[in-house]
Amino acid sequence: MNKITYNPGVVNKIVKKPLIFLKKILPDIFFKSLLSFIHTVYKFIKRYIYLISFLSKYFFLSKEKKIKCMFVFKLFPFTMGGSKALENAFDMIRYVDENKIEGGIVECGVAEGGTSAIMALTNRISNFPTRNLYLFDSFEGLPSPTSEDFLNGKTGDFIRPLDKGDCLGKIEDVKYLLFEKLKLNVSKIKLVKGWFQDTIPIFKFSEKIAVLRLDGDWYDSTKIPLENFFGNISVGGVIIIDDYATCYGSRKAVDEFISNISSKPELKPDGRGGAWFIKKA
Ligand SMILES: C[S@@+](CC[C@H](N)C(=O)[O-])C[C@H]1O[C@@H](n2cnc3c(N)ncnc32)[C@H](O)[C@@H]1O
């Protein structure tokens, strides 16, 4: 058993109980609106706390760290994962670029596109040719969880169970972020819209994969890309599992997969509850 655990922040711990209570007494529609409002305010505050912390250390930071912090601040509104997930995505792209690991970048679970965008921006500032970016999502939000996702009646240690349609990112908004706002190269980015169950098994890469980022929350949404794409990942390439310690099904899919491959990779924490490992062979 590895030690990768979910460490909810202080605010999460404080608001969890009142929110569970409100969920019981409020009609669903009011509760969802309230939650969305709290989440927006929370993200706004966290983003500026991040900025203040960055500025307070500014003169002591390396050029690379300054760029990383600027990217994180810029993309914070477009991610559900927070600063640690963005920083980890930055670090993983730097690692594959510096080590000249061959292949494209793949994200399965894009939502509003924040982590996809930081990976593309990081590659753009590296001394390495522009990589292709393959982005898979329903762009209709999450599917329903299956029985594989539940442990003691819960799918994870969240304030509320995630429902079908949650974590929605619209494809038009992602395109606007990537191509209009960030001016990324359209010919290098492929958006694959649809359920992983339909799109992934038939998708053919014409190159290797350097980074596979899995952020689909559920068992099937983790297992399908792992099983279909693992063979295409370069040796030395990276697999990131954003929900390893937060979603029980995602962890189960990864643990089962690793137990069935001969090289036993070492899972490392991203500091928030996600994990990553390097493909050995
Ligand atoms: C937690 S969000 C991704 C967060 C994103 N990486 C970010 O930076 O904020 C999960 C995403 O996975 C997608 N997803 C999950 N399971 C899926 C499936 N089976 N097929 C297609 N999309 C799926 C959802 O539509 C949702 O956008």
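Thr 79 sits in the loop between helix H3 (63-75) and helix H4 (82-98); helices here are DSSP runs of H or I with at least four residues, strands are E runs of at least two, and both are numbered from the N terminus. This is a predicted model, so local features need pLDDT of at least 70 and side-chain atom pairs count only at pLDDT 80 or more, while totals for chains, interfaces and linings use all residues. Residues are numbered from 1 along each chain as its sequence is written, and side-chain values use heavy atoms, with hydrogens and water left out.

With a relative accessibility of 6%, Thr 79 counts as buried (under 20% relative accessible area; exposed is over 50%, partly exposed in between, with a 1.4 Å probe and protein chains only). Leaving out residues up to four places away in sequence, Thr 79 touches Lys 43, Leu 86, Gly 114 and Thr 115, where contact means heavy atoms within 4.5 Å.

Thr 79 also reaches the ligand: one of its polar side-chain atoms is 2.9 Å from a ligand oxygen. That is a polar contact, meaning a pair of N or O atoms within 3.5 Å; within protein, one must be able to donate a hydrogen and the other to accept it, and residues adjacent in sequence count only if both atoms are side-chain atoms. On the nitrogen side, a polar side-chain atom of Gln 197 lies 3.1 Å from a nitrogen atom of the ligand, and an N or O atom in the side chain of Glu 107 is 3.4 Å from a ligand nitrogen. Taken alone, the ligand exposes 600 Å², and the protein buries 98% of that (Shrake-Rupley areas with a 1.4 Å probe; for residues, only the protein chains shown count as cover).

Around the ligand there are 22 residues, the closest being Met 80, Thr 115, Asp 137, Asp 215 and Ser 221; to be near, a residue needs a heavy atom within 4 Å. This shell splits into 8 nonpolar, 9 polar and 5 charged residues, with Ala, Val, Leu, Ile, Met, Phe, Trp, Tyr, Cys and Pro as nonpolar, Asp, Glu, Lys and Arg as charged, and the others, Gly among them, as polar.

Ser 221 turns up again in helix H8 (residues 219-229), among the buried residues there, which also include Tyr 219, Ile 224 and Phe 229. The cover over the buried part of H8 includes strand S1 (104-108), strand S2 (133-137), helix H7 (196-199), strand S4 (209-214), S5 and helix H9 (248-259).

Strand S5 (residues 233-241) holds Ser 234, which is buried at 6% relative accessible area. A polar atom of the Ser 234 side chain lies 2.6 Å from the backbone oxygen of Glu 102.

As for nonpolar packing, the largest core has 42 residues, and Leu 75, Ile 118, Leu 178 and Val 211 have the most contacts inside it; a core is a set of buried Ala, Val, Leu, Ile, Met, Phe, Trp, Tyr and Cys residues joined through side-chain atoms within 4.5 Å. A second, separate core of 29 residues includes Tyr 134, Ile 200, Phe 205 and Tyr 244.

Most residues other than glycine have a negative phi. Lys 100, in the loop between H4 and S1, has a positive phi near 50 degrees and is exposed at 58%. Cys 167, in the loop between S2 and H6, has a phi near 60 degrees and is partly exposed at 29%.
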